[in-house]
4 protein chains.
Amino acid sequence: MKNYLKNLVEPNNSKRSKRFAFFIQFLIILSVITFSIETLPDLKPQTRVVLNAIEAFCVVIFTFEYVSRIFVADNKPKFIFSFFGIIDLLAILPFYLSFGIDLRSLRLLRMFRLFRLFKLVRYNKAMKHFAQAMIAAKEQIILFMIITLMLIYFAAVGIYYFENEAQPEHFTSVFDSLWWSIVTLTTVGYGDVYPITVGGRIFTFFILLIGLGIVAIPTGIISSSLTKAVEPSSEEE
Amino acid sequence: MKNYLKNLVEPNNSKRSKRFAFFIQFLIILSVITFSIETLPDLKPQTRVVLNAIEAFCVVIFTFEYVSRIFVADNKPKFIFSFFGIIDLLAILPFYLSFGIDLRSLRLLRMFRLFRLFKLVRYNKAMKHFAQAMIAAKEQIILFMIITLMLIYFAAVGIYYFENEAQPEHFTSVFDSLWWSIVTLTTVGYGDVYPITVGGRIFTFFILLIGLGIVAIPTGIISSSLTKAVEPSSEEE
Amino acid sequence: MKNYLKNLVEPNNSKRSKRFAFFIQFLIILSVITFSIETLPDLKPQTRVVLNAIEAFCVVIFTFEYVSRIFVADNKPKFIFSFFGIIDLLAILPFYLSFGIDLRSLRLLRMFRLFRLFKLVRYNKAMKHFAQAMIAAKEQIILFMIITLMLIYFAAVGIYYFENEAQPEHFTSVFDSLWWSIVTLTTVGYGDVYPITVGGRIFTFFILLIGLGIVAIPTGIISSSLTKAVEPSSEEE
Amino acid sequence: MKNYLKNLVEPNNSKRSKRFAFFIQFLIILSVITFSIETLPDLKPQTRVVLNAIEAFCVVIFTFEYVSRIFVADNKPKFIFSFFGIIDLLAILPFYLSFGIDLRSLRLLRMFRLFRLFKLVRYNKAMKHFAQAMIAAKEQIILFMIITLMLIYFAAVGIYYFENEAQPEHFTSVFDSLWWSIVTLTTVGYGDVYPITVGGRIFTFFILLIGLGIVAIPTGIISSSLTKAVEPSSEEE
């Protein structure tokens, strides 16, 4: 019995294990789509019933998977407190908690169902590498994040000084200016806030010329460490 | 006769073949421009007559070219079901189909005329390389597309949670939030939807700092595989 | 006399030649600033008088420089029809032409004064290298420009098909859609035109995911050939 | 006594020195946050009292630190006129000056408190490297900044010529067009100004295709020199 389950839930080259892995991945995608459809307004009651049935079915299978994994694990506490053990628990917990909870906190609880997406990491080798690469480049990323945040803060204070008097509704405080700062320096530029004074525009001019190079660095580090992380993966297997 | 046509339609260094290739390319560009002009509103009836005449002329020549290519092909079924065989057929089919069809489906049919653009690939070596490079990097691109799509989905769910109550008309469901997600993470930032709550803005702040690096990867892979694809092309010939 | 002028206008290490070069550069910048100020509305008549005086002074010196260069050139026709010979002429011609011309064409003529900016290239070694690099990478740039233009055109036709019915005022024809196409694929995203139909948004989604990588290539080629062009310049001198 | 202070304020491996450095960094962050909160409108008087108390406390400590550093320096004038000496002075000066100054200039004076952020550079090795890298790449950056500025100016003049008549309120003069130019070429694209004439749009089309590659260079140089600057830092210590 234990061997049968072990063969089923732990990755190996047997046909049964591969089919089970594929089935779980299908359920993850299915439950994510179900989750998205549930957010649509004006759903018919029948549709809700179907969605709830799918959700319940997914949770049952995920619970079976979680319990099986604990059952077959050699070191049970180690699995329970491992990354995937916690993710597997978080994937089913919201469903069970929702019975004993009032409606208002339900929405946040439902969001937690999205942790199921992380269950996919188990089946995707590239994403494992990706996670490892992020951890490896962690130090460099944090360091440049600090420099980037300082630049964003500096830009926010500067624009606050120039624009606060002209547009007190948009640049009310440094915190409001930070929104302008991030939207501008990432070149998103929604157009909800922008400088209108001559001083503010000249300041934006120089901040953009210099700042884009600094904001681009964390982006570049993440990009290159991810690219490196995937390249060797094709050789290994 | 067959040899004459073979010399004409199949690429070789003879003057006649080169002139024919140039003529076909000219007709492709001409018919694409004709197509664009036809979309202009308030065209005079005379203009329409001229455009239709040009279109008919192009189709006659393309039909002659298609039939000739079948005629001179050693392995006729192989050509007919090859990439270029299908493209050549799709380039003329809409014209002939439009006679027996009611007006409402005409518009979609007309769009198919654009497949003529792909006929250009035959004459452009770099674009052949380009197509090959895309096929070669297919696996890597698909893999990162999945990670990118997961990030975009994750951002959409997050912003839905923060903004749905404040802006139910823009962030109606996760599907609507996906539009915000793609427009923001590619830094296009039209400004039709953007977060207005403090939570949504802080969420956007962090998603932008981290997400730009992830979205940049498929872009980078396509870019670099294309650049590689063209470099050797200059040496070969 | 000829030797004196040759020493003055032709670049060498003498103090006099360096001072003259610096003086000419100063006048170029001055006349560009003068040009910008002239575009300000509601200028006082006195200001206009001063600006015109500065302009006349610059033209006199530039004319003296141009005539001197012809005078000292060993091969006069070669200089006159060289890049810098033509630029030097274009820098002064608008001023002289403006006497015999009616007011309406004056505005375009005034724009030609901007060719003076190109006179700066003579004094800036990096910009010479830059110009050479652009010429060297010309073929590659043209090739990818064609692919980029095809993508932009393809995106324009696609969005026209999806959005024309819903927003006939913004996506009137393929030509209007091209404006959306370039603004979106370069991620500028002004927000004056954007898709509102579900089909158009899904189309934009995929065009952005794939298209950004293609549009980034000409940018990358120009960037890298420019960077290469400047690096050796520091060693040479 | 002098030795005691020297051990405290000058970086060494003693526990006391590390704690003092950490304490100063904490105060810098604290005073920056205090500064940001002060810009919030509608602050309660009690909050203001607390903020002022924190500010006064920070200034007292910073003054003690500054005086100690002068006291323990072997070459006192050298320290006072060094980069960090001036930064340390600027960090406390605004507070003392604010006593003898009327209210209207207070706002600018308060901004100067932000120089405290630069005090962090002393404690952050990566930022020291960063500063050195910027100085090393200074020449290249200036050179490409000139080319970039010329392109931005050229784009501004071009769009002024095309759009001035159609939108005199947005493209009033070349100076107003410069705002459009920087916002477009950095792909921020707020959407407050954009071309509406056919000529202006075609001009924007080509400026975007070519210009993005040029504007990307200073960004790339800053990015790469920063990345280089941090890499060796992990080896050194």
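Visitor: Where does Glu10(C) lie?
Guide: Glu10(C) lies in the loop between helix H1 (2-9) and H2 of chain C. Helices here are DSSP runs of H or I with at least four residues, numbered from the N terminus. This is a predicted model, in which local features need pLDDT of at least 70 and side-chain atom pairs count only at pLDDT 80 or more, while totals for chains, interfaces and linings use all residues; side-chain values use heavy atoms, without hydrogens and water. Residues are numbered from 1 along each chain as its sequence is written, and chains are lettered from A and ligands numbered from 1 in the order in which they are written.

Visitor: How far apart in space are Glu10(C) and Phe20(C)?
Guide: From C-alpha to C-alpha, Glu10(C) and Phe20(C) are 9.6 Å apart, and they are ten residues apart in sequence.

Visitor: Switching to charges. How many salt bridges over all chains?
Guide: A search of the whole structure finds 28. A salt bridge is a side-chain nitrogen of Lys or Arg within 4 Å of a carboxyl oxygen of Asp or Glu.

Visitor: Which residue does Arg69(C) form a salt bridge with?
Guide: The partner of Arg69(C) is Asp88(C), with the closest N and O atoms 3.8 Å apart. Arg69(C) sits in helix H3 (residues 45-72) and Asp88(C) in helix H5 (residues 83-97) of chain C, so this pair ties together parts 19 residues apart in sequence.

Visitor: Arg69(C) and Asp88(C): buried or exposed?
Guide: Arg69(C) and Asp88(C) are both buried.

Visitor: What about chain D, where does Glu65(D) come in?
Guide: Glu65(D) forms a salt bridge with Arg69(D), the closest N and O atoms being 2.9 Å apart. The two residues are four apart in helix H3 (residues 45-72) of chain D, which means a separation of about one helical turn. Glu65(D) is buried at 0% relative accessibility, and Arg69(D) is buried at 9%.

Visitor: On to the interfaces. How many residues of chain C are in contact with chain D?
Guide: 36 residues of chain C contact 36 residues of chain D. The two chains bury about 3,500 Å² between them, 75% of it on carbon and sulfur atoms. Buried area is the accessible area (1.4 Å probe) that two parts lose on being put together, summed over both.

Visitor: Which salt bridge does Asp192(C) form?
Guide: Asp192(C) pairs with Arg201(D), the closest N and O atoms being 3.8 Å apart. The rule finds one salt bridge across the interface of chain C and chain D.

Visitor: What about chain D and chain A?
Guide: Chain D and chain A also bury about 3,500 Å² between them, 75% of it on carbon and sulfur atoms. The rule finds one salt bridge across this interface, in which Asp192(D) and Arg201(A) have their closest N and O atoms 3.8 Å apart. H11(D) supplies the largest share of the side of chain D that touches chain A, seven residues.

Visitor: Last one: where does Thr186(A) lie?
Guide: Thr186(A) lies in the loop between helix H10 (174-185) and helix H11 (198-236) of chain A. Thr186(A) is buried, with a relative accessible area of 5%. Leaving aside neighbours within four places in sequence, Thr186(A) is in contact with Val215(A), Thr187(B), Leu208(B) and Leu212(B).

Technical notes
Contact = heavy atoms within 4.5 Å. Buried < 20%, exposed > 50% of the residue type's maximum accessible area, 1.4 Å probe, protein only.
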